[in-house]
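Thanks for coming, everyone. Let me put the model up, and then we'll walk through a few spots in it.

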Amino acid sequence: MFRIISYLLISVLTLSAESTKPLVPKVVIEYEAAVTMSKQEKVPYALLIHGSSWHPASQKFIDKLWQNQEFTKTLPAPLLLTAIHIKQHQTKEQREADEANYKSWKNRKISSFPCIQIYNHDGTLLKTYTGSELRKISTDTALTAHLKNTVEAIIKREQLLQQITKARTDKDQKLEASLLTQVIQLSLNSDKNLIEQLKKADPKDSSGQIAKATFRGWSYIRHITGLIKAKKVPQALEETKAHLTNSTFDNNQLALAYGARGMALAANNDFVPAWNAFKQAKATDPNGPSGEAMLQHGARIALTPSRAGFPPNSEFFNTDIGDNLTRDNASFTLSSVDPSDNPDHHPSLFSGNFAPTGFAFHTKAEKEAAIIIDLKKVCTLKAAQIYNRTGRRVQQRAATLTISTSLDAKTWNKLWQADKAQDDWEIKLATTVSTRYVKIALNSPSPEHLHLRGVNLFGETQASKPQIP
Amino acid sequence: MKQSHQYHSISFRKIILFFIISLSTLSAAPSSTELIKAHVTTMLDSAELEGDAAEKFKTALLNSQEWQHQLCDSGPVQKPEIVIQTLYALWKADPALASNPIDQEMATACALEAPRKGHTPEQSIERYTYFRDKWQAGLLNTMYADLSVFQRRYLASGVQHGHLNSIESMQYQNEEVCLPAEKYTGACWYAAYQLHNPFGDSIHGPLYYRPFSQSWGNAAEMIRNVGGVCGSLSNFGAAAAIANGVPAATMGEPGHCAYTVMINQNKWQPAYSLSWKRGLHTSYHGSTWGWHMLNVKSQESWDKAKQSGNLRRLAQHQLNAKQAENARITIRKARLELPSDWQNWQLSVDILIASEAIDSHWETLHQDALKVLSPLSGEISYHLISKSIYPKVLPKDKESAKQRYKILKSFQQSITDWGVGRWDYQATLRDQIKRLNGNADQQDKFMLDTFATHAEKNIFTPAILETQLANIGKDETRKQRFIATLAKSLSNSKGGDFSKVINTMAAKVLPDAAKRGDKSSFQFIGKLTAQSYPATTFKTEPFPGILLSSGGTFGIQKPGNRYDNPARHWGVIEPHGGDFHTATKPATATIQLGNFGKLSGVNIVTRNGNFHRMKNAILQTSEDGKTWSDAHTFTKAKRSYHIDLSSKNINAGYVRVIQNNDSSIHFHLFHVYGKKQN
């Protein structure tokens, strides 16, 4: 493996002659020897766990960096470098023989090779580099910088821990809490013990650090889902509100907190504020996975029932379409009423969740079957969103759908015609139209039913003038 | 005009080749070099390649005999014209591959898989480039260098869930799940087993991954973060191996999805597998595990695979040249030399049909299958025999009942074990019973004969018993008669009592079944034996979840020692209760769980005495039955143990107790609870 012994001896001799304490040799040594030296000298050590015999890039990493004197010279003192080689295709005996060389190594769960674990002299694992993060920093400058920062953080940690001991002796709980917060904020692996100590020093969590450190991420979302399913919506509303006030949350946590809030609000049928919360989740964490997931989920559970605009996957998302003109004020009449029509489902055409039957209204099969929507006053129509009835076969009935507008419900101006049947249509008008009535009709050559799940019309109200003819 | 010119060009080349080969047949058989070149030339012609580089590509391919063999002898070739068109596209994208053996093999594998997976040339180029570049950068497992084209086909094919085959997903897994080859069998657990996503949507609906589809740049990262059930987890595990240059494939099992990894040269290890009834999603000729293992075996020696291909091409040539006798001799040589290559058997059948072979030729094929294919795989042998040979050799008339019986029995005599992999032996038995034309006496005699044939090894006997009992149905008189006759064939039995027959058989069958991980035999015989000993009265407090141990297998070292009755082993892991007693150091008692799961706890009730023997024993768990982790140490000596494992986050398919300090441990109950994860 490594030409360790001779290198160690040469390095130790050379450096011990040249250096003065507390500087220690920056050498590559065998694992157990490194652990012993780390304890004796009270310096951290960086352990490379690699599979150089089966992963050629790891060998390159060792040759170019870990075992390269040019690189190790640039490293910050005090730090020891050591390594463990995990082989593949070994017999049980071979594996046991190898394992005898690193008996004291405890953190053996390696998610991806190679991996660097950085330990304090007391054996606490303080930093882990693996996967893409390690590959990105596998240049001499980047790796040196990271190791330097980590060593500095470890030194700082040691200093803070000493101050914490003193604060405890002095029974200065406020200082102790402040110092613990500083340790927790260092860019090192999280430490459950420190959180427990902080809970004692700052039981009210005045810094918000405990909430931040114990925030359960997506498990928290599962918890909120559980509350909603158990019909404990008031509790969900209360819990989600509390988290939004935590200023220590990072963007990912905040996105989840906003998303959880959106879920609770949607469960309470407050769809517009719910959608706003989901949008806020995305705005808080614009490039992170949580913000995006919350936006996508919010589009389904809040945006659609809120009827507030086009969904995130639409080309018209976040474009100016004005307000919803139908949700709160509009009414409609049908050209005919089929026995399948259920008036109780009519409100779902413009607001809230869609009807469970898959359609909000149902005309008879007739020529030019139509629904006429009365916006109650003349408005500037900018866009429309039409949801077809569910069911692949019956959706075909809407293949000839048209939209016409009128100021008097007598003279109609055709604006748009569908090319084919589809799940839903998103229509943004190239030029806006002033209208009070909107007719959605079929233009089929033979009699046909008209049945839609939802209609949302968007634009501006022209409230300043009396519009009713 | 262009087509016409091309037609003339192809015809001219074919005429010349035909002329050369015909001349050679007149004098002597064409050489294998000539035959493979002619075969590849035909493939090239069928591809109708266009572009200035086409001639250069053809020259490169036709000048390399090794490349031609890689193309023709690395498993079945489907849609050769698309294979060639893809290979041409790959070569145009990277002409240097012709001079780099590893890249050439990988490109050939990508071309062979293109028509099977519906890959466009662009997709094939993308996949090939991934492996080429990653290998050059040293970022693939060193196993990659030594893979055959056949093995590379699993890399080229990818996994069942297409989104995990994207370059972005592979890139992610190359970075984040880079492991020693044998560790990929545990890679499925990188993703948590979650039936519902955080929003409560079930994985069985369309909404489970939908909110997350844009959250990460690739499916692998999404699955790792969101979770999934056996399908997503197994696909993740297999895809991780593939992304690192280690062949793997996903497999369907009854109500479950598993995967397999080639952890070492030609050593395929099932992972997250619960049953032997596996159907591979990357498969050749047939999808079962037996087919897979047979195909692997046929490619173990590249020289033999090439030689086999040479013989097939010669036999085909001889058949085309109306030399049927020579063709039959040549293909017989091929199947006897490399019986694991299914193409040798398929071509044997094709030649016999094409040459309107007489009965004795079919009988020769039948005898060859019994002699050299059955020992490798009874499954594939019976597939061949029942589909292609029985219609020719099995007489149908009533007068030939004896002859028919003898022929059917000859198959049973040709198999002694499972061969390359466990298969549906019961389906074979049912088929054979059917071919006895509904004569109950003959069926019973045949099953008794079959039982006697396999009694010594006891591998097939549980299946024979189960099939025959089902076949007899509710006819108690017939059943009694059958059992009585069966009992006589069991050496230690003193009479026709069914429970004695079963107990005698169980003592041998249960330990063997446990050793092989054969859950169905263990369970079938175990349940029958439970009727002959009382259920436990000891009450234990169950842990959350289900009894994961139920439905599994249980075994100890040295079963059947002077203190142990293996006929009672089944009850130990079931609510019924049973007992066992080890007699060798280290004492071990091992459960292969009926269901893979996240463990919540273990209940153990020991025999009422010598409690000290459990002191310092260790409870261990394992995902694969090979690598074990400590879960609990028994510090106290007592009658029963209630071990809570809920906080330990253990996923396991196996649980055992190992006592390094004593040769004897003895339980009545060994119950493992948890949340099923399959």
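So, let's start with a pair of helices: α14(B) and α15(B) are roughly antiparallel to each other, because angles over 145 degrees count as that, while under 35 is roughly parallel, 65 to 115 roughly perpendicular and the rest oblique. Here α14 covers residues 324-337 of chain B and α15 covers residues 342-354, and they pack at about 160° with axes 9 Å apart. Those axes are lines fitted to C-alpha atoms, for helices over the stretch in contact, and angles run from 0 to 180 degrees between N-to-C directions. Helices (H or I, at least four residues) and strands (E, at least two) are DSSP runs, numbered from the N terminus.

The crossing of α14(B) and α15(B) is left-handed, meaning that the near helix is turned anticlockwise from the far one by less than a right angle; clockwise would be right-handed. On the α14(B) side, the residues making the contact include Ile331(B) and Ala334(B), and on the α15(B) side they include Trp345(B) and Leu347(B). "Contact" here is C-beta atoms, placed from the backbone, within 7 Å. That contact splits into 6 nonpolar, 2 polar and 2 charged residues. For the classes, Ala, Val, Leu, Ile, Met, Phe, Trp, Tyr, Cys and Pro are nonpolar, Asp, Glu, Lys and Arg are charged, and the others, Gly among them, are polar.

Quick housekeeping. This is a predicted model, where local features need pLDDT of at least 70 and side-chain atom pairs count only at pLDDT 80 or more, while totals for chains, interfaces and linings use all residues. Residues are numbered from 1 along each chain as its sequence is written, and chains are lettered from A and ligands numbered from 1 in the order in which they are written.

Next pair, also in chain B: how do α19 and α21 pack? Helix α19 (425-434) and helix α21 (461-472) sit at an angle of about 45°, with axes 10 Å apart. That makes α19(B) oblique to α21(B). This crossing is right-handed. Tyr425(B) and Leu429(B) are among the contact residues on α19(B), with Ile464(B) and Thr467(B) among those on α21(B).

Now the sheet. In which order do the strands of this open sheet in chain B run? It goes β3-β2-β1-β4-β5, five strands with antiparallel pairing; strands count as paired if DSSP finds at least two bridges between them. β3 (267-271) and β5 (286-288) of chain B are at the edges with a single partner strand each, so one side of each has no neighbour in the sheet. The twist averages 35° from one strand to the next. Helix α11 (230-243) of chain B packs on this sheet, touching β1, β2 and β3, and its direction makes about 15° with that of β2(B). Helix α12 (289-298) of chain B lies across β3, β4 and β5, at about 115° to β5(B).

Most residues other than glycine have a negative phi, and most peptide bonds are trans. Lys42(A), though, has a positive phi of about 55°. Phe113(A) and Pro114(A) are joined by a cis peptide bond, omega about -10°, and the bond from Lys585(B) to Pro586(B) is cis too, with omega near -5°.

Last one: how many residues of chain B touch chain A? There are 24, in contact with 25 residues of chain A.

Note on methods. Two residues are in contact if their C-beta atoms, placed from the backbone, lie within 7 Å.
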